[in-house]
Amino acid sequence: MSAHASRILHRSLRETPPKAVAGEGVWLISEDGHKVIDASGGAAVSCLGHQHPRVLDAIAKQASKLAFAHTAFFSSEPAEALADQLVGHEPGGLAYVYFVSGGSEAVEASIKLARQYFVERGERQRRHFIARRQSYHGNTLGALAAGGNAWRREPYAPLLSSSFNHVTPAFAYREKREDETDAAFVARLAGELEAEFQRLGPDTVAAFIAEPVVGATAGCVPAPEGYFRAVRDVCDRHGALLILDEVMCGMGRTGTLHAWEQEGISPDIQSIAKGLGGGYQPIGAALVQGKIVDTIRDGSGAFLHGHTYLGHPLACAAALEVQHIIRDENLLDKVKERGKQLEQRLTERFGNHRHVGNIRGRGLFQAIELVEDRTTRKPFDRVHKLHQKIKAAAFKGGLACYPAGGTMDGQSGDHVMLAPPYISTPDDIDMIVERLGTAVDSALRSINQ
Ligand SMILES: Cc1ncc(COP(=O)(O)O)c(C=O)c1O
């Protein structure tokens with residue numbers, strides 16, 4: 001083993017990332033003292049920034065009382081309190097919560113809940129799920145099968161269930177025709193979803209699953225006005241469920257606690273994770289409509305699922321405090337204000353940039369999409385790995401952002417996502433955009449030479 005090698009399977013097996021040794025608010029510090037502004041909260045995780053004293057205190061207090069009790073024997077105070085906080089007021093009819101340890105587990109639980117609901121109703125034929133191309137729902141095999149991102153699926157394709165089918169995403173920049181209005185685009189997508197129900201057999205579909213604002217795979221893509229009302233109608237018409245994956249875009253990231261609040265609909269099941277615990281503990285959850293839980297309670301009486309760390313007391317205590325801070329510090333208002341500022345600054349810096357084709361997002365969840373040619377929207381050749389070059393240049397310049405490739409079709413295209421902490425100041429937002437501008441231009445220079 002070389003002096004620099006590590007025994008960990010890091011994300012790249014060719015290089016070991018620097019060790020992060022400290023955090024403070026929006027800043028992360030590595031062992032060599034390099035200070036980086038965390039403009040993406042990792043992958044839209046650290047909504048309160050780092051080392052928030054109230055959350056650290058809540059974890060310590062809970063650890064001193066009880067660190068773990070298995071859910072086959074006990075419930076716990078923090079899990080019950082967090083459930084009351086999340087669904088006590090039954091937002092959009094979501095009345096129950098199932099606590100897991102992350103986003104993929106939340107999606108797996110959501111899919112299995114939908115399936116078991118129909119089994120208990122005597123509708124065993126409902127075995128199909130419809131999702132969208134260019135979506136991401138997680139990396140476990142069920143969640144990966146639901147996702148529609150080509151390069152992530154490709155090596156595992158033989159292991160992925162054929163119960164998952166994919167339709168066109170509501171990705172206006174890439175999918176809307178030049179002569180099409182938003183309303184016509186929405187009608188076309190709703191028509192395609194209806195046709196997919198008909199192709200599969202409408203009474204064989206259990207659920208449609210979608211991210212209200214698409215995250216990692218397409219870069220902060222909200223749907224056009226009316227899209228979610230239209231797909232909700234299609235699901236209702238055929239008695240299928242609507243699962244919304246808010247693992248990345250939920251828990252305040254877009255300016256409302258739930259992204260669906262801005263769509264005029266609510267889901268039957270919702271997956272949440274990242275902003276739930278803000279990275280202070282690994283936690284995710286499925287939020288569920290009462291009718292689904294009642295059906296299972298009146299049927300077999302138990303959700304046939306489970307993991308060892310369901311409802312972990314330390315994770316629930318941390319998430320409860322994160323949610324209290326969001327409430328106490330009116331952080332949703334901050335997300336709206338700073339989100340507007342971020343969008344404005346991005347527009348000023350990149351609106352006329354010849355290699356930025358689109359700026360999009362909601363709240364503190366904004367992205368730029370890079371193109372070789374703005375007129376044709378042609379992406380850069382993948383061999384350049386532009387997104388990786390931007391990430392490296394940004395990091396060197398003291399900025400952690402979230403660039404990714406495959407934006408257009410799961411293979412080609414580059415975007416950069418920003419998801420700054422909700423506690424970011426106006427100066428932080430200015431600094432983020434300035435540093436991103438420098439990084440983008442430096443990466444482009446390196447490939448244009
Ligand atoms: C929309 C969405 N769903 C699911 C997941 C999977 O979450 P996790 O990485 O916590 O398993 C992610 C992660 O990025 C995500 O963005």
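**View 1. The right-handed crossing of helix 8 and helix 9.** In this predicted model, helix 8 and helix 9 cross each other in a right-handed sense. Helix 8 covers residues 182-200 and helix 9 covers residues 227-237, and the two pack at an angle of about 20 degrees with their axes 9 Å apart. Angles under 35 degrees count as roughly parallel, and helix 8 and helix 9 are therefore described as roughly parallel to each other. On the side of helix 8, the residues that take part are V186, L189, A190, L193, E194 and F197, and they meet Y227, A230, V231, V234, C235 and R237 of helix 9. Sorted by class, the residues of this contact between helix 8 and helix 9 comprise 10 nonpolar, no polar and two charged.

**View 2. The packing of helix 2 with helix 12.** The axes of helix 2 (residues 53-65) and helix 12 (residues 313-328) come within 9 Å of each other, and they cross at roughly 150 degrees. Because angles over 145 degrees count as roughly antiparallel, helix 2 and helix 12 are described as roughly antiparallel to each other. The crossing in which helix 2 passes helix 12 is right-handed. Helix 2 contributes R54, V55, A58, I59, Q62 and A63 to the contact, while helix 12 contributes P313, L314, A317, A318, E321, V322, H324, I325 and D328. The residues of the contact of helix 2 with helix 12 fall into 10 nonpolar, two polar and three charged.

**View 3. The left-handed crossing of helix 4 and helix 11.** Helix 4, which spans residues 103-120, packs with helix 11 at an angle of about 55 degrees, and the two axes lie 9 Å apart. Helix 4 and helix 11 are therefore oblique to each other, and their crossing is left-handed. The residues that meet here are L113, Q116, Y117 and E120 from helix 4, and K291, I292, T295 and I296 from helix 11. By class, the contact of helix 4 with helix 11 holds four nonpolar, two polar and two charged residues.

**View 4. The second largest pocket and its lining.** The second largest pocket holds about 690 Å³ of space. Its lining is formed by 23 residues, and of these Y96, V97, Y98, F99 and L310 lie nearest the centre of the pocket. Two or more residues of the lining are given by each of helix 3 (77-87), strand 4 (94-100) and helix 11 (290-298). When the lining residues of the second largest pocket are divided by class, 15 are nonpolar, five are polar and three are charged.

**View 5. E31 in the loop between strand 2 and strand 3.** The residue E31 is found in the loop that runs between strand 2 (27-30) and strand 3 (35-38). When residues up to four places away in sequence are not counted, E31 touches K19 and V21. The C-alpha atom of E31 is separated by 58 Å from that of G122, a residue that lies 91 residues apart from E31 along the chain.

Conventions: Residues are numbered from 1 along each chain as its sequence is written. This is a predicted model: local features need pLDDT of at least 70, side-chain atom pairs count only at pLDDT 80 or more; totals for chains, interfaces and linings use all residues. Side-chain values use heavy atoms; hydrogens and water are left out. Axes are lines fitted to C-alpha atoms, for helices over the stretch in contact, and angles run from 0 to 180 degrees between N-to-C directions. Helices (H or I, at least four residues) and strands (E, at least two) are DSSP runs, numbered from the N terminus. Angles under 35 degrees count as roughly parallel, over 145 as roughly antiparallel, 65 to 115 as roughly perpendicular and the rest as oblique. A crossing is left-handed if the near helix is turned anticlockwise from the far one by less than a right angle, and right-handed if clockwise. Contact means heavy atoms within 4.5 Å. Ala, Val, Leu, Ile, Met, Phe, Trp, Tyr, Cys and Pro count as nonpolar, Asp, Glu, Lys and Arg as charged, and the others, Gly among them, as polar. On a 1 Å grid over the protein atoms alone, a cavity is a set of points where a 1.4 Å probe fits but cannot get out, and a pocket is an open set with protein on both sides within 12 Å along at least five of seven lines; lining residues have an atom within 4 Å of a point. Grid points are joined across faces, edges and corners, and a volume is the space filled by probe spheres set on the points.
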